[in-house]
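Work through the exercises below with the structure in view. Try each task before reading its solution.

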Amino acid sequence: MHSWKNALLYIFGIGVSNLGNWIYLVAINLLVLHMTGSPAAVAGLFIIRPLATLLTNSWAGSIIDRMNKRKLMISTDIIRGVLIAIIPFMSSVWGIYIIMFLINVAGSFFGPTSMTYVTKLIPTEERKRFNAWSSFTTSGAVLLGPAISGLLIAYTDIRISIVINAVSFFICALVIYFLPDVDGEELDGSKRNVITMKTLLQDWIAVIDFGKAAKYFMLVYLLFQCAMLLGFALDSQEATFIKQVLLLGDEDYGLLISVAGAGYLAGSAAASLSVKWLSLRMFIGAGVLLSSAGYMIFYAASGLVTAVIGFIIFGFFSSYANAGFTTFFQNQVPIDLMGRFTSVTRMLEGMLQIALTLLLGFAADVWSLQAVCLIGAGAAVLISVVLWGVIYAPSKVRYYESDKVTATGIH
């Protein structure tokens, strides 16, 4: 009971922060557009996050694994809140870019830190349920955030939405303050040494050694991430596909985004209620396969109805995939290595995501947009089928049904 009080408190804090993020996302795009009148300037906002990730994540994990997780999360939330509160007073778009870069650097610390903290906070047997409810909160923020931001912008000022996001980070920091310190005294002096180049190299070697020892985990990890990254790359073309292939208007685009959010919210609720009846393998395997199929249906569409069906299927089952894989990850990666592993892999994923997005965009300029997107979605479905076979191999059932199995398969 006490663990679930902490879990609900954490979900509330992160939920408030996520809601603020989605309110802010709409506002910052419009603010930059109003300041510059340039779509290219708005596009620049989407380069900042992967750039910050690439420059930060090679060394952030070494700090994360050696610091108190609760204190680090509080610090990064306060830093992000202060930086966002400065944005409404900026008159230069380059100043906004710099501040957003610093915000995303802090975010590069928060994500892996929160993953490690939650893994320590939530008992192993409760992780699947927790991740499902956490996914429900996230999807609710995706659905409500843009709508709230639209109302605020319509009746107040764009800068109000940005200030609200700053406040949401302060609230999240306050909530985390009341959560327990999961590290305690275990971070001894040996782990608090100054981070040097030798330390970074040793940490990279530790991550590589883990990957070599945990071959099955790495196989599942790579297949899952490849399917997800193909989906993210396809996301970069959805607005163009809707406008140029389906010939739909701005209001239909807004409808489809809302439908995807509603599907994700419904899927998260269903996942939360079905954790007792569906296995972890079903969460991951069916979730990835059917969410990829949703992309396939969407990009095969010739009208609004089929596109809506594709978005609903994608949104609904991606919540299962994310909750299932997060649980699998938490159960398999050693806690004392989790920060470094997450940071390093996110850096590599960021590089691959940029490459796939550029490749897809280039191919869509040369060939038919719909054909290129269908090939990308088909590749995601094929990878999902392979992942299903890997997950349901009879000899690997212990990775999903025993709470005591490590990534190397040793009890």
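Predicted model: local features only at pLDDT ≥ 70, side-chain atom pairs only at ≥ 80, totals over all residues.

**Exercise 1.** Decide whether S272 is buried or exposed, and list what it touches.

Solution. Step one is to locate the residue: S272 lies in helix 10, which covers residues 250-273. Step two is to compare its accessibility with the cut-off, since buried means under 20% relative accessible area. S272 has 1% relative accessibility, so S272 counts as buried. Step three is to look for its contacts, leaving aside neighbours within four places in sequence: these are R129, A132, W133 and F136.

**Exercise 2.** Describe how helix 3 and helix 6 are arranged.

Solution. Two packed helices are described by the angle between their axes and the distance between the axes. Helix 3 spans residues 69-86 and helix 6 spans residues 158-177. Their axes come within 8 Å and cross at roughly 165°. Angles over 145 degrees count as roughly antiparallel, so helix 3 is roughly antiparallel to helix 6. The crossing of the two helices is left-handed.

**Exercise 3.** Find which residues of helix 3 and helix 6 meet, and sort them by type.

Solution. Helix 3 contributes residues including M73, I74, I78 and V82. On the side of helix 6, the residues include I162, F169, F170 and I176. Sorting the residues of this contact gives 14 nonpolar, two polar and three charged.

How values were computed
Residues numbered from 1 in each chain as written. Heavy atoms only, no water. Helix = DSSP H or I, 4+ residues; strand = E, 2+ residues; numbered from the N terminus. Buried < 20%, exposed > 50% of the residue type's maximum accessible area, 1.4 Å probe, protein only. Contact = heavy atoms within 4.5 Å. Axes fitted to C-alpha atoms, helices over the stretch in contact; angles between N-to-C directions. Parallel < 35°, antiparallel > 145°, perpendicular 65-115°, else oblique. Left-handed = near helix turned anticlockwise from the far one by under 90°. Nonpolar A, V, L, I, M, F, W, Y, C, P; charged D, E, K, R; others polar.
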